[in-house]
Structures are given as structure tokens and as C-alpha cells.
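Please keep the sequence and the structure in view while reading.

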Amino acid sequence: MDVIKLIKENIQIFFTVALSLFFIHIIIKPVYTSLRNKFMYTKFWKFLTKTNISRTITYVVLSVVLLASFTAFQQKYSIIQLGKKDNYIALVISILTLYGILYTFLQFTIGYALQNKNDKYWGRSITKDFLLKRLGFEIFKSTFFKILLLYAVIYPTVSKAIILGIENFNIPLRNTIPQAFWEVSVSVIYILYAYLFLQSLSSMKMLYSIQERRNSRLEWKIEKAVVEKYERVFEYSYKNNRDYFINELFEELEPLDQNEQTNMLMYILGKTFSSESFLKNQRGGLFKLFKRDDYLFSRAPFYLDNLFNSLYEKIEEYNIQLSLRDLLDIYRWHDNAINNSLRSSNKHEGLLNGDFLDEVISVYSRKNNFSFNEDCAYFKLPSIIENRITSYQDIEEIHSYIIKRQGFKFVLEAYKFNSSEHKNSYDMMTESYYQYFYNMLDFYGDYLSDLKYNYYSGFFRTFGENMMDEQESEIIYDYLINMEFTEHNKDYAVFLTNKLDFKYKASFIFYNILYTGPSRKWEKEILLFKHIINRNRIDESVRDEHILEFVCNKIKNSNIGHRIDSNLIEWIIKNITISKLNKEVLNRCLSEQHMSYDQFLKLKYIFTENHYCSSYFYDVDFDIVNFTSHPYWEIDFLKDMLKTPELLNERFFSQHLFYYCQKISYGTEHFQSERNFSLFLINRSFQLSENQLIDLLDNRYLGKGIIEFLILQLDEPKYKYLTEGVAYKSFSTEVKKIIRRANMSVNSYIDDLVSQANECRDEIISDVEKNEIVQIVEKMIKTTK
């Protein structure tokens with residue numbers, strides 16, 4: 001009966017509360033949400049949230065005003081009826097019981113969160129965030145609720161003493177105020193409990209669904225809270241010029257799994273540094289930052305550059321598994337952040353003026369009062385990006401990012417500012433791009449096998465700018481002439497030269513053949529150079545005036561330009577088409593310190609279409625060519641040709657040697673001192689007579705070269721005298737000595753000789769002939785004491 005009576009007495013309050021909730025849900029809440037969403041992006045709201053004024057108004061002023069109003073309303077109208085005073089203790093116990101139930105519920109959720117593997121997102125508990133925000137636990141741990149709860153518990157036991165104290169001290173308060181305040185406190189507590197109960201009913205389903213699968217809406221709330229936190233941390237870090245932002249971020253990332261590390265890092269960096277965050281009508285750490293004074297503006301770009309450089313190092317240190325595209329996004333945000341920091345100073349009308357470029361250069365070159373490093377690192381790729389390159393497609397993707405950077409626009413415009421006051425800055429930016437492009441050529445070569453089947457490349461000539469294409473050709477040319485010789489680089493040279501105009505190909509070939517320093521091995525690749533020229537699709541000739549001028553200029557400005565002058569280049573190009581050798585050509589080749597006749601002949605082979613030599617080409621008297629500094633120039637030519645034995649089987653060179661050797665003869669000193677048998681073998685016109693051999697054996701020293709040459713002729717009828725003549729015994733002794741010195745078996749020794757011989761002539765020695773030679777030599781050794 002008491003319960004029914006209590007309900008009847010409080011029917012008004014139940015009706016009022018129900019009506020109020022309905023009114024709030026239907027009218028006030030939508031209006032409030034709309035106004036809040038519009039208001040929270042205004043400058044005034046940013047000021048309030050930053051200075052915590054809104055927090056003070058919400059939790060202090062508003063709470064006191066509402067509580068005082070409800071107390072006054074209750075004192076006057078006595079709307080709230082809590083029954084007789086005898087029941088007050090029971091009410092207090094019920095309040096404490098409910099609080100205990102609330103505490104037990106919290107323990108349950110904590111245990112649930114610890115056991116549920118789906119509860120953690122970015123290192124934060126989804127359940128914790130859900131309960132604190134959705135169920136309103138912020139209210140229950142607030143000072144406001146603690147005061148209400150404490151007063152609701154204490155008042156029933158000391159209410160009489162409180163009233164007497166008021167009367168004794170003549171405090172100008174009506175006796176009903178403490179009672180009204182208690183009734184309001186109890187009512188508010190019950191309403192909050194009711195709110196919690198209703199919310200918990202609708203939230204339990206959500207909690208169970210979390211156990212089965214992740215909830216994107218709750219994860220989004222965590223993401224939003226984390227981003228807001230790190231925007232504040234970033235601003236604080238900037239103000240104090242410290243690494244708080246980077247250090248705190250990576251400390252939080254460290255315990256996460258790789259997937260969450262990647263997602264969290266990219267989301268925070270994207271929200272903090274992406275270009276969208278710089279819009280003036282949105283919240284963004286950098287935008288607020290760039291509204292500071294001039295001092296902050298002056299150091300903002302340097303701080304941001306250091307921050308991103310530290311970021312790259314941290315990503316490597318913590319082994320964050322970012323994809324190449326993620327790293328390139330960070331690289332783009334790096335550029336955007338610095339550009340926006342410079343632009344926000346309002347000093348520049350646009351991003352393509354010289355003053356702006358000067359400031360960009362000052363950031364990336366570190367040229368200041370304490371440093372004089374003038375190398376601009378604008379296009380220098382962080383090592384972590386270079387380490388992520390695993391295919392030529394990665395290089396193409398990197399390049400697509402590079403050419404979208406603000407600085408690349410200055411590179412495209414640089415040639416227009418040769419006399420500008422900002423020329424030095426344009427030159428430094430251009431040089432930075434050249435260094436990037438040059439370095440990327442190293443990476444490109446690693447995937448040559450894939451490139452051969454790639455008919456389209458975004459890396460070469462994709463800008464539609466003739467000047468830019470020319471500059472990139474210059475970079476490729478410089479890369480080629482500095483490239484180390486390897487078998488792989490031979491193929492890469494063919495690939496790269498195919499990207500160049502004929503004038504660059506011709507310059508590359510002249511540079512390598514006439515190179516005056518220590519051997520680079522490129523000078524021997526005559527067949528490769530011929531292949532490069534044959535791949536030229538345009539009908540051009542090295543004799544064309546513009547080609548000749550270009551080649552001369554390239555050699556002049558190279559590291560061999562002080563030795564190879566333009567007159568020599570012009571003379572070579574003019575004379576390589578001759579159909580008959582003359583005294584003037586021979587004299588010029590012998591008089592030049594850094595050019596020989598074999599080099600002239602190789603250039604003739606590469607740049608002319610005549611692949612044969614006529615019988616009258618060497619219709620010139622060699623005796624009239626007399627150089628005291630080159631007494632054996634005819635033999636020296638053969639020695640030079642032997643340095644590239646693969647050429648000896650080429651029709652062009654074999655014919656030249658055939659007719660050339662008819663014009664020369666060997667001296668006794670060659671038979672005595674020459675150790676290379678190939679010098680005699682390539683001369684098809686040479687034959688050592690029996691009398692010459694006897695004279696050498698009796699009166700001279702027989703050199704290793706002529707002995708090995710004669711061994712290879714043992715099966716030839718014209719050298720029958722070696723096995724049957726009077727010189728047989730002496731020659732057999734020399735053969736035995738030379739094989740013994742080699743410390744090899746007869747079969748191995750002859751096999752080695754034959755292999756060398758077959759490299760320098762087209763008429764190879766067959767296995768049958770080799771076996772016959774072996775048998776003859778073995779017989780000679782056995783019959784020699």
C-alpha cells in the first residue's frame with residue numbers, strides 16, 4: 001500500500017520527467033546537435049576548447065545554476081515527494097546498493113575487456129571508450145555527482161542537527177532549503193541511475209557484438225580521439241622545439257602489431273599533415289600553428305624538416321612495415337608541410353616566385369650562419385624509401401611522386417632564369433633533381449631484365465619539355481661515361497643509349513675509345529659500340545656538322561679534353577671514310593700521343609657502313625713512314641689488335657689484317673723476345689723457313705712466342721722440316737724445355753695453346769688436328785734426352 005501511495009504522490013514528477021524526456025529527444029536534441037556541429041568549427045569554439053572555458057562553463061557554472069534552480073523550484077512547489085522521513089534511510093541504502101551494482105558492473109566490463117581479443121584497437125580499449133562516452137561514466141566520476149551522493153547519504157542522519165544549527169546561528173535561510181536540496185539530490189541521482197539503466201540495456205547488444213566482430217563506429221571514435229590528442233601534442237612539441245610528438249607516437253606504436261602500427265601511424269600523420277588539414281575553415285594542428293608570430297614562422301619550416309627526417313629514422317628503427325606508397329605519401333606531406341609553412345607567412349603571392357624558391361633552398365640546403373653546406377637535398381630520397389625499391393615499377397611510382405613536387409616546377413622553369421637574381425637558387429634546385437635522377441639510374445639498372453619487355457616508361461622523357469628532355473639526356477650521358485665496366489652494365493649501356501639521340505651515342509663512343517686514363521675496359525667493346533650505332537633509327541651521320549660540333553664540345557668539356565682536342569676529333573671524322581690508306585693518315589696516327597692507327601681503324605668500323613677492305617686499301621709504301629719514336633709501329637699495330645681478339649674474326653678486321661700483313665715483316669728481335677705466339681699466328685702471310693729456324697737455333701735465342709707458334713704448325717705440310725729436318729733435335733729440346741717450365745702435361749699444354757689460338761682467327765684448330773699435334777710433341781719429348 002505504501003508503494004501505491006508513493007506512486008500516487010509522485011505522479012506529477014513522473015509525468016513531468018516523461019514529458020521532459022520526450023521534449024528533449026524530439027526537439028532540443030536535434031537542434032542542439034545541429035548548432036553544435038556548426039559552432040564547433042568556428043574560431044570562437046577553438047578558443048574555448050583551447051582555453052578550457054567551455055569545460056568550466058559546462059561542468060561548474062551550468063551545474064550550479066541548474067542545481068540551484070531545481071532546489072528553489074522544489075522549495076516553492078514541492079513537486080518531488082519522497083514519502084515519510086522514516087523511509088529516508090531506506091532510500092539512502094537503495095542509493096548505495098545501486099552504486100554497488102554500478103561498481104560491480106564496472107568490474108565485469110573490465111574483466112570482459114581484458115579477456116576479449118577484439119577489445120583493443122590502436123592499444124586502446126573499445127569497451128572503456130564505449131562505456132565512458134555512451135553510458136556517461138564521466139558524470140559518475142565527476143565532483144558534481146560525488147557532492148550529490150555524499151549529501152544524499154549524510155542528510156537523513158544529520159538533518160535535525162542541520163536545522164537546529166541554522167536556527168541557532170540565525171542564518172537567513174528557510175528551514176526547507178536543506179530538505180529541498182536533499183530531495184533534488186536524491187531525484188537527480190535516481191534519474192542518472194535510470195538513464196544509466198536505459199543506456200545499458202541498449203548498449204549490452206553492442207558489447208556482445210564487439211566480442212564477435214569489430215565495430216567500425218566505435219573504432220572511428222577512438223581514431224578521432226587519438227588524432228585530437230596528437231594534434232595537441234604536435235602543437236606543444238612545436239612550441240617547445242622538442243621531439244615530444246615523434247617520441248610519444250612511437251612509444252604508443254611499439255606494442256601494437258604490424259598492421260595496427262601501419263594504420264595508426266598513417267592515419268595520424270595524414271590527419272595532421274595532409275594538405276586537407278591546411279584549409280582555413282577546418283581544425284588542423286598546422287593551421288593553428290601557422291597563425292603564430294613571425295618568429296614562429298621563421299623557424300617553422302626548419303622544425304618540420306627536422307621532424308620528418310626524424311620520422312624516417314624512427315620508422316626504420318622500429319621496423320614499421322609501411323608500403324612504398326605509404327612512405328611516398330609521407331614524403332609528399334613533408335613537402336606540403338614545408339610549403340604551407342612558408343606560404344602561411346603571407347610573404348609570397350604564389351609558389352612559383354624567386355623569393356619563395358630562395359626560402360625553400362634555405363630549408364633544404366641548411367645554409368645558415370652555422371653551416372655553409374650549399375648542397376640542396378630537396379630531391380634526395382630518404383634511405384627508407386630507397387630500401388623499399390624492389391622493381392622498376394617502384395621506381396616509376398617514385399618518379400611520379402617526384403615530378404608532382406613543388407620544386408620540380410622550378411626545375412622546369414630554370415632555363416628561363418639564367419640572368420635572374422635568383423639564378424643560384426634555380427641552379428641548386430636543378431642540381432638536386434639531377435642528383436636524384438642520376439642515383440635512380442643505379443636502381444633502374446638492377447631490373448634490366450624486366451625493362452627489356454617494358455615498352456612504356458614514365459621515367460624517361462615524359463614531360464613534353466624539350467629542354468627537360470635535353471637535360472635528362474645530359475644526365476644519362478654523364479652516367480654512361482662514369483659507369484663501371486661489367487657484363488651487366490654492357491647490356492644497361494645498350495638500354496640507356498637507346499634513350500639518347502645519335503649525337504650522345506657518338507660522343508659516348510669517342511670518349512671511351514680515345515680515353516687517355518687507366519684502362520676502363522670500355523675501349524675494348526668495339527662490337528658493342530657498333531651495335532649501339534646500328535640501333536639508331538634516324539638516318540644521321542657523325543659527319544653531319546651539328547653532330548661533329550656536339551661531339552667536339554663534349555670531348556672538350558670532359559676529363560680528357562685537355563689531351564684530346566677538337567682538331568683531332570674533326571680530323572678523325574673527316575678521314576674515317578677514306579677508301580685507301582695514305583701517308584698523311586699514317587703519319588697523323590703515329591704523331592698523335594693519344595691515338596693510334598688501331599683506334600682510327602676501330603672508329604672507321606663503327607661509324608661507316610663498309611664492312612670489307614679492298615685489296616688496294618694498303619697500296620702505300622710503309623717504308624716512307626719513318627718515325628724514330630715508333631721503330632716497330634707495324635708490329636705495334638698487331639699487338640694493339642690482339643688486345644681485342646674478338647675483333648680478329650670480324651670480316652672487316654680480318655680483311656684489313658690480311659692485306660696489312662702482306663706489307664710487313666718480322667725482325668730477328670721479334671723471334672727472340674716476343675712471348676705471344678698470336679703475334680705471328682694472325683699474320684697469314686708469315687712463314688718461318690727452315691734456314692731461318694736453323695740460324696735462330698745456332699746463333700740466336702729462340703723466344704717463347706715463336707716456339708709456341710711452331711708447335712701449332714707441327715701438323716702442317718709446309719712445316720714438315722720441324723719433325724724430319726736437321727733442326728728436329730734442337731727444336732725438340734726447346735719444346736721440352738718450354739713445356740717443363742709450364743709444369744703441365746703435354747695434353748693440357750697443347751689444349752691451352754689451341755684455345756688461345758682459336759680466339760684470334762676464324763680458321764679454328766679442330767680436335768683431330770689438336771690430337772695430332774699432341775702425338776707429335778709427345779714423340780719429340782720421348783726422343784729427346
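**Charges, salt bridges and buried elements**

Glu-251, Glu-254, Glu-313, Glu-316 and Glu-317 together form a negative surface patch. Patches consist of residues with over 30% relative accessible area and no salt bridge, like charges being joined within 9 Å and nonpolar side chains (Val, Leu, Ile, Met, Phe, Trp, Tyr) within 5 Å. Asp and Glu count as negative and Lys and Arg as positive, while His and the chain ends are not counted; the place of a charge is taken as NZ of Lys, CZ of Arg, CG of Asp or CD of Glu. Accessible areas come from the Shrake-Rupley method with a 1.4 Å probe, and for residues only the protein chains shown count as cover.

This is a predicted model, in which local features need pLDDT of at least 70 and side-chain atom pairs count only at pLDDT 80 or more, whereas totals for chains, interfaces and linings use all residues. Residues are numbered from 1 along each chain as its sequence is written, and side-chain values use heavy atoms, with hydrogens and water left out.

Helix α14 (residues 294-317) supplies the largest share of the negative patch, three residues. Helices (H or I, at least four residues) and strands (E, at least two) are DSSP runs numbered from the N terminus. Glu-317 is located in helix α14 and is exposed, with a relative accessible area of 58%. The classes are buried (under 20% relative accessible area), exposed (over 50%) and partly exposed (in between), with a 1.4 Å probe and protein chains only.

Side chains of opposite charge can pair when their charged atoms come close. A salt bridge is defined as a side-chain nitrogen of Lys or Arg within 4 Å of a carboxyl oxygen of Asp or Glu, and by this rule there are 17 salt bridges. One of them joins Asp-329 and Arg-332, whose closest N and O atoms are 3.0 Å apart. These two residues lie three residues apart in helix α15 (residues 324-343), and are thus separated by about one helical turn. Asp-329 is buried at a relative accessible area of 15%, whereas Arg-332 is partly exposed at 34%.

Another salt bridge forms between the side chains of Asp-335 and Arg-405 (3.7 Å, N to O). This pair links distant parts of the chain, 70 residues apart: Asp-335 belongs to helix α15, and Arg-405 to the loop between α18 (392-402) and α19 (406-413). Both partners are buried, Asp-335 with a relative accessible area of 2% and Arg-405 with 4%.

Lys-580 and Asp-619 also meet through their side chains in a salt bridge (3.9 Å, N to O). Lys-580 lies in the loop between α27 (566-575) and α28 (583-591) and Asp-619 in the loop between α29 (597-607) and α30 (633-642), so the pair ties together parts 39 residues apart in sequence. Lys-580 is partly exposed, at 37%.

What of the protein as a whole? It has 39 helices and two strands, and buried residues make up 47% of its 785 residues. Helix α35 (residues 704-711) is mostly covered, with seven of its eight residues buried, among them Ile-706, Phe-709 and Leu-710.

Cys-552, in helix α26 (residues 545-556), is likewise buried, at 6% relative accessibility. Leaving aside residues up to four places away in sequence, Cys-552 touches Ser-566, Ile-569 and Glu-570, contact meaning heavy atoms within 4.5 Å.
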